[in-house]
Amino acid sequence: MERIKHSDHKAFELLYDRFWEEMYVKAYAILKDKSKSKDIVQEVWISIWEKRHKIENNNIQGYLFTALRFRIYNEFRNSKNKEALIDDFINSLKTNDVSNNIDNDINLKETQEILYASIEKLPKKCKEVFRLSRFEGLKNSEIAKKLDISQRTVETHISNALKILKNDAALNLAIFIAIFLKT
């Protein structure tokens, strides 16, 4: 890092060669878009070069992946697909569609706890409808019948729950850090 601070292009190139692919793989695992993943990783590298004189962190690997986390988080936060991404994540919890990797199992448990805590904060009826829909797999019409409410009310509760969860920035960041970007 000292060499990079002194504008050593060779040191920067070595660092780039060492971490670019790993950063790209992590970005792609979340974004599922090759172009966006490459762009975000490149933005991190450009930012590192531009800020090289100001960086006071000796753990450059940690610095790189923290910068990547925040770039991806910003992309996610600004994405029009937030609701779909959270829905996919919730469905993966429901179906346990995660590899058997021990780290992923531990990270999944931590993330589930964060998600469940956020769900617990939902209003009572909203929480009940959301759980029946997402965790018990009931159709909206079945939920309406079971709770003696209209199907439109069920749809409103689900929509409200997803809005609350997607706007919970701490949840979004925790999902990224805990499952995909833990270094």
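Lysine 38 lies in helix H3, which spans residues 34-50 of this predicted model. With a relative accessible area of 42%, lysine 38 is partly exposed, because that value falls between the 20% and 50% limits that separate buried from exposed residues. Apart from neighbours within four places in sequence, the contacts of lysine 38 are with Trp20 and Tyr24.

The protein as a whole contains 10 helices and 0 strands, and the order of elements from the N terminus is α-α-α-α-α-α-α-α-α-α. Of its 183 residues, 39% are buried. The accessible surface amounts to about 10,800 Å², and carbon and sulfur atoms account for 49% of that area. Among contacts between residues at least 6 apart in sequence, those joining residues at least 24 apart make up 64%.

Seven positions can be listed by name as buried in H9: Val154, His157, Ile158, Ala161, Leu162, Leu165 and Lys166. These residues cover an arc of only 160 degrees around the axis, so they lie on the same side of H9.

Helix packing was examined for H7 and H9. Two packed helices are described by the angle between their axes and the distance between the axes. The axis of H7 (residues 124-134) comes within 9 Å of that of H9, and the two cross at roughly 95 degrees. H7 and H9 are therefore roughly perpendicular to each other. On the H7 side, the contacts involve Lys125, Cys126, Val129, Phe130, Ser133 and Arg134. Their counterparts in H9 are Val154, His157, Ile158, Asn160, Ala161, Leu162 and Leu165. Several of these H9 residues, including Val154, His157 and Ile158, also belong to the buried set.

Positive phi values were found at two loop positions. Serine 7, in the loop between helix H1 (2-5) and helix H2 (9-31), has a phi near 60 degrees, a positive value in a residue other than glycine. Serine 7 is partly exposed, at 27% relative accessibility. Aspartate 148 is placed in the loop between helix H8 (140-147) and H9. Its phi is near 55 degrees, again positive in a non-glycine residue. Aspartate 148 has a relative accessible area of 72% and is therefore exposed.

Key
Residues numbered from 1 in each chain as written. Predicted model: local features only at pLDDT ≥ 70, side-chain atom pairs only at ≥ 80, totals over all residues. Heavy atoms only, no water. Helix = DSSP H or I, 4+ residues; strand = E, 2+ residues; numbered from the N terminus. Buried < 20%, exposed > 50% of the residue type's maximum accessible area, 1.4 Å probe, protein only. Contact = heavy atoms within 4.5 Å. Areas by Shrake-Rupley, 256 points an atom, 1.4 Å probe, with all protein chains shown as cover. Arc of directions from axis to C-beta. Axes fitted to C-alpha atoms, helices over the stretch in contact; angles between N-to-C directions. Parallel < 35°, antiparallel > 145°, perpendicular 65-115°, else oblique.
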